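Subject: Structure handover

Hi,

Here is the structure I promised to pass on.

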Amino acid sequence: MLLKINNLKSTISRMRHIFTVLAILFSVAIQAQEIIEDEAPAAQKKVDTTLTSGAQKIDGVAAVVGEYVILDSDVDANIIQLKAQGASLDGVTRCQLFGKLMEDKLYAHHAVQDSIVVSDAEIRSNVDYQLQQFLAQSGKTMEELLELYSHPNEKAFRDEMYEINKSQKLASEMQKKILDGIEITPEETRQFFNQIPKDERPTFGTELKVSQIVIEPKISEEENQRVINQLKEFKADVIENGANFRSKVVLYSDDKASIPQGGMYTLNRKQPRMVKEFREVAFSLQEGEISDPVKTEYGYHIIYLEKIRGQEFDVRHILLIPKVSDAAVAEARERLMNIRQRIVDGDISFADAARESSDEKETRSEGGFLINPETQDYNFELTKIDPEVYGQIQDLKEGDVSLVLTDQGRSGNVKFKIMMVSDRVEEHVADYARDYLKIKELALNEKRIRAIDKWQNEKIMDTYIKINNEYRDCEFSSNWLKQ
């Protein structure tokens, strides 16, 4: 059997490699490259396999894959991008990052050969978003970032990020093309399961369903109006008195993540990153126009459209979050305690109470059931459940209703919830009848992995690849040496 499965977790980890180019960086097998000596090679340098906190810029060509050149400094540019996405680089070496770049270029090269086209506007929007995130998370200014990574100006920095994003997008589209149309039949699923030795069959962890009812304190009309009036005053001050919009962002906005950028976000019509109400108003503005107050689930905003660049809109905004009164908080808690008591007394089911009373629209229509984002069903494997949720349910027996828990809404205001665990299935070795859908997914995953491996092995032999001496000490596993 081509793939031995010891547990479900390892297989799902490998599939993340196939579908999401950025998320797979740390689980993918490291690629080996063909080494072609230079006519007059310089003295070899042993590559630094660690990732330092600062940039390590080394001029020179590290590798060539088809029509793509990889510079030594490209590894550092990749580090910037990954940090901008919030990725952890603990335990990741420069050799691993270099191998991932080689793999991306192999896919990208053949994507170009196969006439796969990607959107320049979408890629530039990705770069804008990544830089905004990186600046917000690092707390640095753009000038500090340029100095840290030795870039002469912001345009050069963005151009470098653009090339990385484009290569990764091409690689992702190439992988999707390879996997397009791959399906698994019931017979293939049965054969897959029967080929797994009994002592190597996957173990599925404890699974359960989690329900919740959420009650949020009501904000008074007076408080909402106070926030609306304040935003109107900000708008009037900018328009009538020439006040600086960005200064007001720094002084007053409750969106702390965007304050370092002066409240700036770059929106793209094809990429819905912001909530619907915000986007609709932003796209209706003319350059230089400021919106009236806009209500979203986060609070109230005014939006200033600074620049339109094709499909991209540079906007700044000020967010104000209405505050809830102590009386409203106490009333919300008391209301949920009464709902809980009705459930415990058997006067109403948890599901009916959720449909009737919950303030959480995502779960209300589902009878309070949380939806697993990975599987899109109600089942959660206990070892993979969100740590915060786990902490809230770990002591619950099946059918028990939790005490009233204090939580925080998206706007940062307090909210309350009760939770219940149901349909608990303890950890067990895979059973074909009971776990057919999971086994089918494992079989499909293996078939996809075989397709990727077959394609990669063939293209390695068909593609011109050169790697310079300084990376030859990296340990690679695939047959890129063409031996």
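I began with the second largest pocket, which holds about 520 Å³ of space. Please keep in mind that this is a predicted model.

The pocket

A total of 24 residues line the second largest pocket. Those nearest its centre are Leu135, Met142, Glu154, Arg158 and Met264. By class, the lining has 13 charged, 7 nonpolar and 4 polar residues.

Which elements supply at least two residues each of that lining? Three are helices: α4 (120-138), α5 (142-148) and α6 (154-179). The others are the strands β5 (264-268), β7 (299-309) and β8 (312-320). The largest share comes from α4, with 6 residues.

α4 against α6

Two of the lining helices, α4 and α6, also pack on each other. Their axes come within 9 Å and cross at roughly 120 degrees. The crossing of α4 past α6 is right-handed.

On the α4 side, the contact is made by Asp120, Glu122, Ile123, Arg124, Asn126, Val127, Asp128, Gln130 and Leu131. From α6 come Phe157, Arg158, Asp159, Met161, Tyr162, Asn165, Lys166 and Lys169. These residues divide into 8 charged, 6 nonpolar and 3 polar. Note that Arg158 is also one of the residues nearest the pocket centre.

α3 against α6

Helix α6 has a further contact, with helix α3 (residues 94-113). Here the axes come within 7 Å and cross at roughly 70 degrees. Helix α3 is therefore roughly perpendicular to α6.

From α3, the residues in contact are Glu103, Asp104, Lys105, Tyr107, Ala108, His110, Ala111 and Val112. They meet Ser167, Gln168, Leu170, Ala171, Met174, Gln175 and Ile178 of α6. The class count is 8 nonpolar, 4 polar and 3 charged residues.

α11 against α12

The last pair is helix α11 (residues 326-344) with helix α12 (residues 350-357). They pack at an angle of about 150 degrees, and their axes are 9 Å apart. Angles over 145 count as roughly antiparallel, so α11 and α12 are roughly antiparallel to each other. The crossing of α11 past α12 is right-handed.

Arg335, Ile339, Arg342 and Ile343 represent α11 in this contact. Their partners in α12 are Phe350, Ala353, Glu356 and Ser357. By class, that gives 4 nonpolar, 3 charged and 1 polar residue.

Best wishes

Methods
Residues are numbered from 1 along each chain as its sequence is written. This is a predicted model: local features need pLDDT of at least 70, side-chain atom pairs count only at pLDDT 80 or more; totals for chains, interfaces and linings use all residues. Side-chain values use heavy atoms; hydrogens and water are left out. Axes are lines fitted to C-alpha atoms, for helices over the stretch in contact, and angles run from 0 to 180 degrees between N-to-C directions. Helices (H or I, at least four residues) and strands (E, at least two) are DSSP runs, numbered from the N terminus. Angles under 35 degrees count as roughly parallel, over 145 as roughly antiparallel, 65 to 115 as roughly perpendicular and the rest as oblique. A crossing is left-handed if the near helix is turned anticlockwise from the far one by less than a right angle, and right-handed if clockwise. Contact means heavy atoms within 4.5 Å. Ala, Val, Leu, Ile, Met, Phe, Trp, Tyr, Cys and Pro count as nonpolar, Asp, Glu, Lys and Arg as charged, and the others, Gly among them, as polar. On a 1 Å grid over the protein atoms alone, a cavity is a set of points where a 1.4 Å probe fits but cannot get out, and a pocket is an open set with protein on both sides within 12 Å along at least five of seven lines; lining residues have an atom within 4 Å of a point. Grid points are joined across faces, edges and corners, and a volume is the space filled by probe spheres set on the points.
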